[in-house]
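Please look over the sequence and the structure shown here. The paragraphs after them lead through a few of the features.

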Amino acid sequence: MAGRVPSLLVLLLVFPSSCLAFRSPLSVFKRFKETTRPLSNECLGTTRPVIPIDSSDFALDIRMPGVTPKQSDTYFCMSMRLPVDEEAFVIDFKPRASMDTVHHMLLFGCNMPSSTGSYWFCDEGTCTDKANILYAWARNAPPTRLPKGVGFRVGGATGSKYFVLQVHYGDISAFRDNHNDCSGVSLHLTRLPQPLIAGMYLLMSVDTVIPAGEKVVNSDISCHYKNYPMHVFAYRVHTHHLGKVVSGYRVRNGQWTLIGRQSPQLPQAFYPVEHPVDVSFGDILAARCVFTGEGRTEATHIGGTSSDEMCNLYIMYYMEAKHAVSFMTCTQNVAPDMFRTIPPEANIPIPVKSDMVMMHEHHKETEYKDKIPLLQQPKREEEEVLDQGDFYSLLSKLLGEREDVVHVHKYNPTEKAESESDLVAEIANVVQKKDLGRSDAREGAEHERGDAILVRDRIHKFHRLVSTLRPPESRVFSLQQPPSGEGTWEPEHTGDFHMEEALDWPGVYLLPGQVSGVALDPKNNLVIFHRGDRIWAGNSFDSKFVYQQRGLGPIEEDTILVIDPNNAAVLQSSGKNLFYLPHGLSIDKDGNYWVTDVALHQVFKLDPNNKEGPILILGKSMQPGSDQNHFCQPTDVAVDPGTGAIYVSDGYCNSRIVQFSPSGKFITQWGEESSGSSPQPGQFSVPHSLALVPHLDQLCVADRENGRIQCFKTDTKEFVREIKHSSFGRNVFAISYIPGLLFAVNGKPHFGNQEPIQGFVMNFSNGEIIDVFRPVRKHFDMPHDIVASEDGTVYIGDADTNTVWKFTLTEKMEHRSVKKAGIEVQEIKDSEHKLETSSGRVLGRFRGKGSKGLNLGNFFASRKGYSRKGFDRLSTEGSDQEKEDDGSESEEEYSAPLPAPVPSS
């Protein structure tokens, strides 16, 4: 039914001109509002395919129109005409898909799609003319980031007139409920000329055959480059299930320079190159895919279905506009002998954690497993610890993989390494791609059994050198109780962990409005407070803090979303027609929501199960003030679980903390505005976030513009201490407390400051920073609120990227050299890792990509985000404002930067 797409090969295209003119993004929206095809009710958020951003920029939402594939390996295509008839530039992409339903997506540009229907089977064709590929996605990949001043050229005299989206639905088991799918991609386009034009170079194998049962199969591609210089800034690898590693290189005068290397079983993003790579006339571009045929009963060929294989390396580059070529391909191997000198790293599979691999071919793999008698050996204790079952993976860890090397961190001195020379020989065999013992894969089960035993024995030899996981009984927290009679005590944290983004959590793609607050309800569900279609801009308030957009009425959509913490499904929503400009959110022990609205200058208590409206309101609507009955842009609320006391941080134009009784009666207030460069205790400059420490009777305040955290006694309001670190920079936006730990996020650095935007984990007992973390998918721009659960899960909401991230706590693998028994693993420059003994070098050098080794578990958490700022609705936090040194206020406006001038050649 779906058929197989004949080929993914697409060619460079010259586009004819068009006669229609572009007036403004608003007029484009009005024109498309009448012609947009109807979408399924299940496809929320896709009814506005053209979204104006400002006078020069707009967004396109390209989605499947509510389709339900009925057969696995279905390829559906749909098209959208570019609403701009003059030249425009795509400067950002955001995928709107999950690998639970979609195997991969491709976005093409062309002049005429193969069909004019709302969607069609892609075996009917993609475009009637030649198409060029603009974007590729698979496996929950994060967004692609283009460098400043770089864009894909569309429209005008030479660019595409249509976008064609191809979506491959591999395994349709997710569609058993017959729901409609609206997967796709959102684009950010600008009419501002870009000095550098982006393009795609595709290296693709078309004739690789993977024999059944073959342990290692290499697929090599190489072509001479014969064009103007191009500058590589990102790459993406793609295979199906059998691919272990894909590596790409520029070869110049016999020297191999790494472009990129990645496991295709990880999220298939366009990863940024670690070091800039230029490609000039006469260079050779080369790629190698490493496959295994183990587990297959028939030979596997290159093809379009999930039971076939692919060997693709996408290289994203830019060229000077006057020489730009938008698409180039390589499907040959013009220099096969050259691969004898390929760096050894290209032959070593990258280990992938089991929770990172999300299978998309369940029906196929089940079929294969039914056909193959697998050898099931009981696991020894060592194998349970390693939990890899793969000699290649262990070798890869021992040698070190770019940044994700796992160093030796545990060694049992009572077990001497047996036959070190044998171990070295085994390593050499793997590097040289020799089989691990089975001379003929087809000689029967006895050889398979012998091979499995051989691999198992070698695993044990490796285990005597390195253990890659702690015993399961190891605990993260070390609770130290005080001597009897000394009252309350605070858990002391060892810091032996790291926060990492949960890359399999799809909540980053929810994309509500500006996310102003996050909290956890008693069921541990995530609750998000967002602003819908409203933004806090510089003209939102007058000089007396009176909201100027009251005529718009309250936000007409639900502003409070209850999110499943596991799959990010929206469980419940509320808050429609109540708020004008949401800000803070907290949840008390009874599950009531406490929210603030900076436009209304009010605090609301809401029962999530009561649709009758707020059950308590503090402050006067639309009336800023500083007395007992008024607030001025209140920011957050904290409710004491023991006494029910209500604490309100107030706020942007007041500098105080106000306490109320459980019924809402004013009790007291404290705090004053800070002045000068050395604020005193109890002085605030935008008290922005609150965190209660109930067992210590303390309330901590994120003193945002003073870049510090202040803690006070809740009974006496006495100042207890200040937590301030240089790495905070000038701002601390939000804080959250769980026993023993205080979490925080800072803000965008002021001009001249270098501190990055990141999350912090602090030992509450002494205030020391024990971990910092950042997301992998997208990047922090204005992380506005943070909440932590007692199991160490952390959520951060960003008001500028309209994003919520989930982070989880993992154990930190400490690096220490093993010097007993004469065995040592060291770091050396240029990522050359050596295994040495006291008598000299045992193993030669193996060159990796990174400049130094890091924990495998920390690899993803240390990667920079890939989202280009400026795609989401350009916004300001407005009077989420920074106060300049001269006392004037300026918007925190992070708009898309203008293109950087092209350096003279």
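**Disulfides, a sheet, cores and rings**

Both Cys77 and Cys122 are buried, where buried means under 20% relative accessible area, exposed means over 50%, and partly exposed is in between, with a 1.4 Å probe and protein chains only. The model is a predicted one, in which local features need pLDDT of at least 70 and side-chain atom pairs count only at pLDDT 80 or more, while totals for chains, interfaces and linings use all residues. Residues are numbered from 1 along each chain as its sequence is written, and side-chain values use heavy atoms, with hydrogens and water left out.

Cys77 and Cys122 form a disulfide with sulfur atoms 2.0 Å apart; a disulfide here is a pair of cysteine sulfur atoms within 2.5 Å. The torsion about their S-S bond is about 120°, so this disulfide is right-handed. It links distant parts of the chain, 45 residues apart: Cys77 is in strand E3 (residues 74–81), and Cys122 is in the loop between strand E6 (120–121) and strand E7 (132–138). Helices (H or I, at least four residues) and strands (E, at least two) are DSSP runs, numbered from the N terminus.

How many disulfides are there by this rule? The count comes to 6. Another of them joins Cys223 to Cys330, with an S to S distance of 2.1 Å. The torsion about the S-S bond of Cys223 and Cys330 is about 90°, so this disulfide too is right-handed. Cys223 lies in strand E14 and Cys330 in strand E22 (residues 327–330), so the pair ties together parts that are 107 residues apart in sequence. Cys223 counts as buried at 7% relative accessibility, and Cys330 counts as buried at 1%.

A further disulfide joins Cys700 to Cys711, S to S 2.2 Å. With a torsion of about 100° about the S-S bond, the disulfide of Cys700 and Cys711 is right-handed. Cys700 is in strand E41 (residues 698–703) and Cys711 in strand E42 (residues 708–713), 11 residues apart. Cys700 is buried, with a relative accessible area of 0%, and Cys711 is buried, also with 0%.

Strand E14, which holds Cys223, also belongs to a sheet. This open sheet has 4 strands in the order E14-E19-E16-E17, with antiparallel pairing. Which strands stand at the edges? They are strand E14 (217–224) and strand E17 (255–262), each with a single partner strand, so one side of each is left without a neighbour in the sheet. Neighbouring strands of the sheet are turned by 20° against each other on average, direction ignored; the axes are lines fitted to C-alpha atoms, for helices over the stretch in contact, and angles run from 0 to 180 degrees between N-to-C directions. Two strands pair if DSSP finds at least two bridges between them. E14 is joined by 8 bridges to strand E19 (residues 284–291), and the two run antiparallel. Asn218 has Val290 in E19 as its bridge partner.

The next topic is the nonpolar interior. A nonpolar core is a set of buried Ala, Val, Leu, Ile, Met, Phe, Trp, Tyr and Cys residues joined through side-chain atoms within 4.5 Å. The largest such core has 58 residues, and those with the most contacts inside it are Leu60, Ile62, Phe93, Phe163, Leu187 and Leu189. A second, separate core has 33 residues, including Tyr201, Tyr271, Val279 and Tyr317. Residues touched by Ile62 include Met78, Met80, Leu107, Phe163 and Leu187, not counting residues up to four places away in sequence; contact means heavy atoms within 4.5 Å.

The whole structure holds 30 aromatic pairs. Rings of Phe, Tyr and Trp (its six-membered ring) pair if their centres lie within 6.5 Å; planes under 30 degrees apart count as stacked, over 60 as edge-to-face and the rest as tilted. Phe76 and Phe121 form a tilted pair, 5.1 Å centre to centre with 40° between the planes. Phe76 is in strand E3 and Phe121 in strand E6, 45 residues apart. Is Phe76 buried or exposed? Phe76 is buried, with a relative accessible area of 4%, whereas Phe121 counts as partly exposed at 22%. The rings of Phe728 and Phe760 have their centres 5.0 Å apart and their planes at 80°, so this pair is edge-to-face. Phe76 and Phe121 also belong to one aromatic cluster with Tyr119, Tyr169 and Phe175.
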